[in-house]
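Hi,

Here is the structure I wanted to pass on to you.

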Amino acid sequence: MPQAPVSDSIIEFIKVTKIYSPDVVALNDISFNIRQGEMVFLTGMSGAGKTTLLKLICSLERPSKGLIEIMGEDINKMKSRDLQKLRQQTGVAYQDFKLLPKHTVYQNIAMPMEVTYMQPKQIKERIAFLLEAMDLTRKKEIQTDRLSRGEQQRVAIARAAANAPPLLLADEPTGNLDPTNTELVVNLFTALNQAGTTMIIATHDRSIYKETDHKIIDIDQGEITIHNNQAS
Amino acid sequence: MTPRYILIQTGRNLKQTWGTQIMTLITVSLSVFMFSFFFLVYTNMLNTGERLGDHIRLIVYMENEVPPEMEEQLATKIRQFSAVEKIVFKSRQDAFSDLSEQLNDDRDVLFDLGSDFLPPSIEVYPKRDLKSLTHIKLFSDFLANLPGAVKVQYGRDWIERFGSFTQLIQLIVLCSGILLILTATFMVASTIRLTVVSRQNELEILRLLGATKAYFQTPLILEGVIQGITGSIIGLTCLFSLYAWIKIKFAGPSFLEIFTLTFLPGSVTFSILFVSVSLCTLGSYISIRKFLKI
Ligand SMILES: Nc1ncnc2c1ncn2[C@@H]1O[C@H](COP(=O)(O)OP(=O)(O)OP(=O)(O)O)[C@@H](O)[C@H]1O
Ligand SMILES: [Mg+2]
């Protein structure tokens, strides 16, 4: 087994371009890396390419050009088994949630844990914790198509966090939330990050990153600018 | 992998498409029932045929006695045409002593006639199997054309009819076997397809969550296996009930003496079960290969 790369970067983008057919250049020749345990905010105007970047990381989209390495592996050369493993280790809260409408809140959150064959007892405990953290305990047995947008959003976040994954991607996680619920989400993210999860959060919401010293990747017309708030 | 998940998932699938599941189950059971029914009839006819075979022999009456040195040659020729149990050459003298033995106390009537009025003959005992039963007519024609043969005599024509009836049953067994293959494979394949289609949305999300091939497939395969097991058990149970009912209903001594009814041997029953389950599994596998894109 090769040793972990010295840079300890968990995500590496090298000259990545994403062009949607026919000619929408969503990302243009961008390079950056994200180290293990970092919390990174992805900002930019609507249509800037934030979702596209996250989709590239979880290989929902393929880059048109360039190299993407996740945990030291070229995502383009991954075998399906490795890709499955990667997806199991990457929690994603999608901008459009991607919940199962006819399944309950509980069933939706349980899915990633069932996929990794977690013990039922542990699943139950984990869900109880997440529901509490997202203030959804009373909605446990409700079908997700009966929930408000904000509630659905929190279910999506709970599902993304379910496996306490090493990597968590959140696309506009507070877009539909009031300040109280936003705080719940931020608290959960902070706790996960402190426990070692690498976080990438795409957001318009200045309130959740302006006070922090985390790295910010700003996308503008397919180009990125990295602001490193950290003192170092 | 936890069996629990597989069971839960399989349960969900069955629940989601229960109407079609039941239709499939009925079809599979019916096919198994039909096939095993005809197979049962067939094996019983074979048994009966074998018992009948004990009484079957062809007697070839000869113009002249076959000289001992020719016997071997003739026997070889007969064997070349068809497998036989045994061949017995009877001289005029043998025929006479047989007859007088049969007549027993009345044998005096024969004395005036002399010992050589009966023709010499060859007794041919065909192999006791279905083939010789169905070929008996052909065989007798062949024997009649042997050099020196005058006439061939064998059991009544019901033997022929029995033979062709058995052949018919054989054909029906074959057809119902093909039907079983088709229904088990295609019905199961189409229900699995329905399951896959009805859960497309869910499968899509599971894919995003990194579900493995096994996670998707195992419950679907199990669905096929369950259809196979339940279907063939129901089919075979129905057959056994029918068998038991007939056995009680026609328990008269006369009937059972000629025609002893027996159920399919355990090995055959098990084989039918095994084959049906395999076919259903194959059906679900085909469907998975075709419709489940991972
Ligand atoms: N499947 C697609 N086909 C064609 N163009 C696309 C597709 N997906 C996104 N785009 C385009 O790519 C650009 C970047 O889209 P993206 O969804 O990444 O933006 P975003 O930063 O997430 O915006 P928002 O903040 O509104 O969610 C947009 O111009 C969008 O129209
Ligand atoms: Mg977006």
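In helix α3 of chain A, the buried residues are A:V105, A:Y106, A:N108, A:I109, A:A110, A:M111, A:P112, A:M113, A:E114 and A:V115 (buried means under 20% relative accessible area, exposed over 50%, partly exposed in between, with a 1.4 Å probe and protein chains only). That is 10 of the 11 residues in 105-115, so α3(A) is largely enclosed by the rest of the structure. Its cover comes from both chains: it includes α2, α4 and α5 of chain A, together with α1, α8 and α9 of chain B. Just after α3(A), A:Y117 has a positive phi of about 55 degrees.

A word on the source: this is a predicted model, where local features need pLDDT of at least 70 and side-chain atom pairs count only at pLDDT 80 or more, while totals for chains, interfaces and linings use all residues. Residues are numbered from 1 along each chain as its sequence is written, chains are lettered from A and ligands numbered from 1 in the order in which they are written, and side-chain values use heavy atoms, leaving out hydrogens and water.

Now for α6(A), residues 179-194. Its buried residues include A:V185, A:L188 and A:L192. Seen down the axis of α6(A), the buried residues fall within an arc of 135 degrees (taken from the directions from the helix axis to the C-beta atoms), so they line one face of the helix. On the other side, A:P179, A:T180, A:E183 and A:Q194 are exposed. After α6(A) comes A:G196, with a positive phi near 115 degrees.

Cheers

Definitions and conventions. Helix = DSSP H or I, 4+ residues; strand = E, 2+ residues; numbered from the N terminus. Contact = heavy atoms within 4.5 Å.
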